[in-house]
Amino acid sequence: MIQLRIHGRGGQGVVALAEILAICAIREGKYAQAFPSFGPERRGAPVVSYCRVAEEPIYTREPVQQPDIVLVLDSTVLRVVDVLSGLKPNGKLVVNACESPEDLAREHGCENCLVATVDASGIALRNMGRDITNTAMMGALLKVETIVDPHNSAELIRTYFKDTSGKNVLSFWDAYRETQVADFSLR
Amino acid sequence: MSRREGLEISAACAEAVALADVDVIAAYPITPQTHIVEHLARKVADGLLDAEYILAESEHSAMSCCIGSSAAGARTFTATAGPGLALMSEMLFVASGLRLPVVMALVNRTLSSPLSIWGDQSDVMSVRDCGWIVFFAENGQEVFDMTIQAFRIAEDERVLFPAMVCLDGFHLSHLVEPVEILDREEVDSFLPPYNPKYRLDPHNPTTMGAFAPPEFFSEIKKRQDEELRSSYHVILEVWGEWEKRFGRSYAPLSQYRSEDAEVILLMAGAFAGTARLAIDRLREKGLRVGLASLKLWRPFPREYLVDALGRAEVVCVVDRALSVGGAGGPIANELRAAFHDVADCPRVVSFVAGLSGRDIMVEGFMEMMEKALSYARDEEMPYYEMYGVRE
Amino acid sequence: MSNLQGWKDINHACMVFHPGNASEYHTGDWRSMRPVIDREKCIKCRICWAFCPDAAVRIGENGEYHIDYDYCKGCGICAYECPREAIEMIEEC
């Protein structure tokens, strides 16, 4: 089972990202669950969502406390939330940031994990004119861990978003190509 | 052919209601409402569902609309949650007394104060005696299945009671997971069109909701009570048919590793999924423990519970509702009452946990079960314990 | 103890299948004062007919007004409202 925790701010598509990943995995015949950190919707506030993907049925209803992968849709959240909390040894951290993964790891003291960065905001602004980064971050996620087939994911994104589907698919593939990875895992 | 789909459980519930070809949906859309009615409103607006969607001005009015439309012979649905149910409560008793087969999805949320929008089961427990059939779903598949079953059971001429399907607020209502969605033919083959035996009809006038003086009231309530109890047999019959048609079995309790268990954990709703993992961990430690997840709350399956749980030494009941000033969790208390004249019955240990959306982790369930074992051997067992509360 | 129905014989949901059967219940028994119409004074203005809470003022085929004493509870509203003081309340004997 792969467990993810997704950080961002209300309105950036944190919940939709978890949903798209889970729906895509389920369409591939896997088991998955996606859910937000429950509470009133608050645009701009730091929010969290969770996703689990597994080959067998998932029974737990706990929030993800020890994620294999942490996704950060907005790097300003790094200043206010301990996004590395509970990340498994040799886990993966994927951040929307302009810096290289090496610089980001140094700045935030990331050890024993793989770090990936991508300028998802730049990609989203370029393609959609809006700083909604979830589809770009989906591309970055699949670059570091093939949880689902990227082509299936792109196809789902095409149908999930009505008006902006083409632009979201562009963002997805741009980020998939542009994500930089630095591996600090202990082997 | 059914299809396996990843979708939010609220959407799965809405799909079930649409497949049931409901005639009237009446609801009030304030927080806490859910995506269930949002999905249904969209289906009606988009012409995908030929139903009347009534936007009521309160939950009291929403249930009043449901009573009217059901009395006129329409298949009727509503959904609400927490405080919405509380505002509806007067009319819940009316719907049952009038024997109208309204179906409701109740997204379980806590009741204020303090102000909270998170989930627990204090809402449904506050209307425990309203005379509805009450099911508890544990996952998305059960929400979908039970919603369709609820129409069939409620509308059966031997039943004619309103029915509610409880699903935990957020932990089920806002969660995406795989659900097997039946197709139109499959649902049609199971659920015939509603052909009401009694309805308001200008050509054949009848009076519903008549006044009853004291010399009749008790007899009327006695009949209501007896008939709600005997709906139990229809519920089992319908569940049996469901299993035959669609392969998924339902019973008043779903049990896991409980055959030889000394300690059985009993609870209702989504958290039983997490508890299941605690059972596995405790079994690995050599403890004989099992799980029973309650699916049917009304009619109360007393004999079934006594039979299924009676062999255990301890039943550890985890209630997600607090009976303030009472003698224990609501489910625990009813179980104690069920066992009151049973010789050598298990000790019932009552925990109240998971209030207002507070998560219960696997370790939490393990701790409660281990505590239950020690309480069972201790004469000083408290009426109940609020698990995990800070001193 | 009584000849009232037992719970098994009560109608489903306490429904009433013979609507209007309240007419079998003669509330006129409740009356201690009875209204009497003075036909000489009556101008057939329908005020009493409109105000009677029990619909116990009847208008006959020839337009004459009379009280249906099966249902008149003797409240006196008709007498109070009559603009010609054509209705008198007299004691029941």
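Helices (H or I, at least four residues) and strands (E, at least two) are DSSP runs, numbered from the N terminus. This is a predicted model: local features need pLDDT of at least 70, side-chain atom pairs count only at pLDDT 80 or more, and totals for chains, interfaces and linings use all residues. Residues are numbered from 1 along each chain as its sequence is written, while chains are lettered from A and ligands numbered from 1 in the order in which they are written.

**Helix 3 of chain B**
- Helix 3 of chain B spans residues 59–71, 13 residues in total.
- From first C-alpha to last, helix 3 of chain B reaches 18 Å, close to the 18 Å expected at 1.5 Å a residue. The expected span is 1.5 Å times one less than the number of residues.
- Buried residues of helix 3 of chain B include Ala62(B), Cys65(B), Cys66(B) and Ser69(B). Buried means that 20 or more other C-beta atoms, placed from the backbone, lie within 10 Å of the residue's own.
- The buried residues of this helix pack against strand 2 (24–27), strand 3 (52–55), strand 4 (76–81) and helix 4 (83–97) of chain B.
- Gly73(B) follows helix 3 of chain B, with a positive phi near 100°.

**Helix 3 against helix 4 in chain B**
- The two helices pack at an angle of about 25°, their axes 7 Å apart. Axes are lines fitted to C-alpha atoms over the stretch in contact, and angles run from 0 to 180 degrees between N-to-C directions.
- Helix 3 of chain B is therefore roughly parallel to helix 4 of chain B, a label for angles under 35 degrees.
- Residues making the contact include Met63(B) and Ile67(B) of helix 3 and Leu87(B) and Met91(B) of helix 4. Contact means C-beta atoms, placed from the backbone, within 7 Å.
- The residues of this contact divide into 10 nonpolar, 3 polar and 2 charged. Ala, Val, Leu, Ile, Met, Phe, Trp, Tyr, Cys and Pro count as nonpolar, Asp, Glu, Lys and Arg as charged, and the others, Gly among them, as polar.

**Contacts between chains**
- Of the 2 pairs of chains that touch, chains A and B have the most contacts.
- In that pair, 18 residues of chain A meet 20 residues of chain B.
- Strand 2 of chain A gives the most to its side, with 6 residues.
- That side of chain A has 12 nonpolar, 2 polar and 4 charged residues.
- Chain C puts 12 residues into contact with 15 residues of chain B.
- The side of chain C that touches chain B has 9 nonpolar, 3 polar and no charged residues.
- Chains A and C share no contact, and their closest C-alpha atoms lie 41 Å apart.

Definitions and conventions
Buried ≥ 20, exposed ≤ 12 C-beta atoms within 10 Å, placed from the backbone. Parallel < 35°, antiparallel > 145°, perpendicular 65-115°, else oblique.
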